[in-house]
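Student: Hi, I have a structure open that I have never looked at before. Could you walk me through it?

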Amino acid sequence: MSILAAYAVPHPPLIIPTIGQGREGEIAATVRAYYETMRAAAELRPDTVVIISPHATAYDDFFHISPGAGAEGTFAAFGHPEISIGIEYDEEFVRALSSTVSEQNIPAGTLGEKNPALDHGTMIPLFFLSEYLGDAPTKFVRIGIAGLPAYTHALLGQAIAATAERLGRRTICIASGDLSHRLMEGGTNGFAPEGAEFDELCTAFMKTGDFLSLLQIPGSFAEAAGHCGLNGLWVLAGALDRVATGAKLHSYEAPFGVGYAVASFTVTGRDAGTDYAAQLVRAEDAAIAELRTAEDDYVRLARMSIEHFVRTHLFASLPSDLPQELIEKRAGAFVSIKKYGKLRGCIGTFLPAQKTLAEEIFYNAVSAAAHDGRFEPIEEGELSRLVYSVDVLSTPESIESAAQLNPKIYGVIVRSLTDNRRGLLLPDLAGIDTAEDQIAIAREKARIQPKEPIALARFTVERHR
């Protein structure tokens with residue numbers, strides 16, 4: 001059992017006294033918890049410390065593992081270039097981990113390093129840990145997070161644990177990351193009502209070591225809360241897969257509008273019941289099955305047309321038992337596809353282009369799956385994890401100004417008065433709360449400059465999920 005413990009810690013630069021200049025006293029509980037946990041970590045005499053940092057090299061579809069013999073960094077970005085930290089990388093561990101993720105088709109490796117210098121998300125935990133490690137021959141592994149789903153992060157954590165076991169390394173994992181950055185009105189990152197709820201959920205789950213629930217926090221909800229720490233916790237879920245842990249939430253503070261939590265998870269034995277990644281898959285299977293059972297004719301038609309096209313590269317035939325409203329009505333329609341809560345494709349028409357609404361949905365569904373230029377075409381292996389929605393649009397009506405919009409009720413069409421470029425945005429989208437935001441995004445989609453003269457139209461939708 002080579003994973004000895006895991007830790008979740010924040011990384012506010014002002015926690016370092018020279019940088020904080022006394023303000024670190026405002027997060028005294030966090031400081032005490034940091035010293036307490038890093039002292040306990042050092043007492044475990046780790047051979048290897050794996051640090052997951054959201055500020056290391058990061059890609060949307062790839063976990064970057066820092067290569068080389070070692071690295072150093074300074075706090076120059078925070079006005080203190082004289083504070084420097086250097087570490088030696090565990091090159092054998094990195095090679096073994098790279099081999100493991102390759103064998104398991106986990107998108108991770110050492111290619112594509114953007115900046116070899118240590119980031120502050122890595123250096124702040126090291127600032128505290130190094131005080132207790134002293135001259136111990138501990139080596140390090142630094143890994144960035146990715147825009148991949150929770151399950152893939154957990155698989156990376158499993159690979160880390162398997163590598164530690166194979167090499168016989170006494171290993172600890174540190175997930176460096178803050179919770180919500182949007183807890184305070186007037187704060188640097190603004191305020192979001194999701195922030196406090198997100199922090200409450202995370203700290204409750206961290207307190208009990210409920211990693212399955214952490215894995216099930218929707219990515220869209222976490223993004224609205226403005227976090228940078230959840231992905232690291234997802235990696236810890238995999239690293240602690242099938243082991244028993246003693247979980248402790250040492251502190252939580254948020255005086256600056258950012259949530260700082262310190263937690264430890266000390267391995268106490270084996271526990272086959274904590275197969276978090278497998279439980280997540282079973283929960284997702286059940287949720288998808290429930291959605292499939294509840295879907296209406298509109299969504300079922302979109303899904304059927306996509307699944308047939310992806311599997312055969314041919315259009316299916318329209319079902320013969322469609323309700324009359326789909327056969328007799330004509331309307332514009334958008335088909336949206338999501339995977340793990342993130343958009344995977346969306347294409348539609350704001351005015352009808354087909355003879356029936358059924359055909360409108362049918363063909364737009366295939367276009368969303370195969371021809372949305374923002375994404376690669378959907379592959380067959382993804383079909384079991386896709387979630388669909390269909391928006392049927394009312395006939396657009398011209399409006400004079402943003403005052404006639406309500407982003408929860410109306411979608412908007414922005415048309416350039418110079419060359420007829422159009423941008424459309426559906427209503428009731430997460431994170432879009434004002435008409436001005438709607439118009440700005442619709443302009444951007446159509447590549448209409450902010451000062452170009454435009455005409456506006458609004459519409460409502462009948463949304464089918």
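Tutor: We can go from the overall build to the sheets, and then to the helices.

Student: Before that, what kind of model is this?

Tutor: This is a predicted model, so please keep that in mind for everything that comes up below.

Student: Okay, how many helices and strands does the protein come to?

Tutor: The secondary structure of the protein comprises 14 helices and 18 strands. The radius of gyration is 25 Å, which is close to the 23 Å that the globule rule gives for 465 residues, so the protein is as compact as a globular protein of that length.

Student: And what does the C-alpha trace span along the principal axes?

Tutor: Along those axes the C-alpha trace of the protein spans about 75 × 45 × 35 Å.

Student: Let's do sheets. In what order do the six strands of the open sheet come?

Tutor: The six strands of that open sheet follow the order E7-E2-E8-E1-E10-E9, and their pairing is mixed. At the edges are strand E7 (139-144) and strand E9 (243-253), each of which pairs on one side only. Neighbouring strands of this sheet are turned against each other by 15 degrees on average, with direction ignored.

Student: How do E9 and E10 pair, parallel or antiparallel?

Tutor: E9 and strand E10 (residues 260-270) pair in the antiparallel sense, and ten bridges hold that pairing. To find one of these places on your screen, look for Gly246, whose bridge partner in E10 is Thr266.

Student: Which helices pack on the sheet?

Tutor: Helix H3 is one of them, and it touches strand E2 (48-53), E7 and strand E8 (171-176), with its direction at about 40 degrees to that of E7. Helix H6 (residues 194-208) also packs on the sheet, where it touches strand E1 (3-9), E9 and E10, and the direction of H6 makes about 140 degrees with that of E9.

Student: Now the open sheet of four strands, how is that one put together?

Tutor: Its order is E12-E11-E13-E18, with antiparallel pairing. Strand E12 (342-348) and strand E18 (461-464) are at the edges and have a single partner strand each, so one side of each is left without a neighbour in the sheet. From one strand to the next, the twist averages 20 degrees.

Student: How many bridges join E11 to E12?

Tutor: Six bridges join strand E11 (residues 333-339) to E12, and the two strands run antiparallel. Within this pair, Ile337 stands opposite Gly345 in E12.

Student: Which helix lies across E11, E13 and E18?

Tutor: That is helix H11 (residues 297-312), which lies across E11, strand E13 (386-393) and E18 and runs at about 125 degrees to E13.

Student: Switching to helices, at what angle do H3 and H5 pack?

Tutor: Helix H3 (residues 91-103) and helix H5 (residues 150-167) pack at an angle of about 130 degrees, and their axes are 9 Å apart. That angle makes H3 oblique to H5. The crossing of the two helices is right-handed.

Student: Which residues make the contact?

Tutor: H3 contributes residues including Phe93, Ala96, Leu97 and Val101, while those of H5 include Leu156, Ala159, Ile160 and Leu167. The residues of this contact divide into nine nonpolar, two polar and three charged.

Student: Last one: how do H2 and H4 cross?

Tutor: The axes of helix H2 (residues 28-43) and helix H4 (residues 120-133) come within 8 Å and cross at roughly 55 degrees. That makes H2 oblique to H4, and their crossing is right-handed. Among the residues that meet are Val31, Tyr34 and Met38 in H2 and Ile124, Phe128 and Leu129 in H4. The residues of this contact divide into twelve nonpolar, no polar and two charged.

Notes
Residues numbered from 1 in each chain as written. Predicted model: local features only at pLDDT ≥ 70, side-chain atom pairs only at ≥ 80, totals over all residues. Heavy atoms only, no water. Axes fitted to C-alpha atoms, helices over the stretch in contact; angles between N-to-C directions. Parallel < 35°, antiparallel > 145°, perpendicular 65-115°, else oblique. Left-handed = near helix turned anticlockwise from the far one by under 90°. Contact = heavy atoms within 4.5 Å. Nonpolar A, V, L, I, M, F, W, Y, C, P; charged D, E, K, R; others polar. Pairing = 2+ DSSP bridges. Rg over C-alpha atoms; globule rule 2.2 N^0.38 Å.
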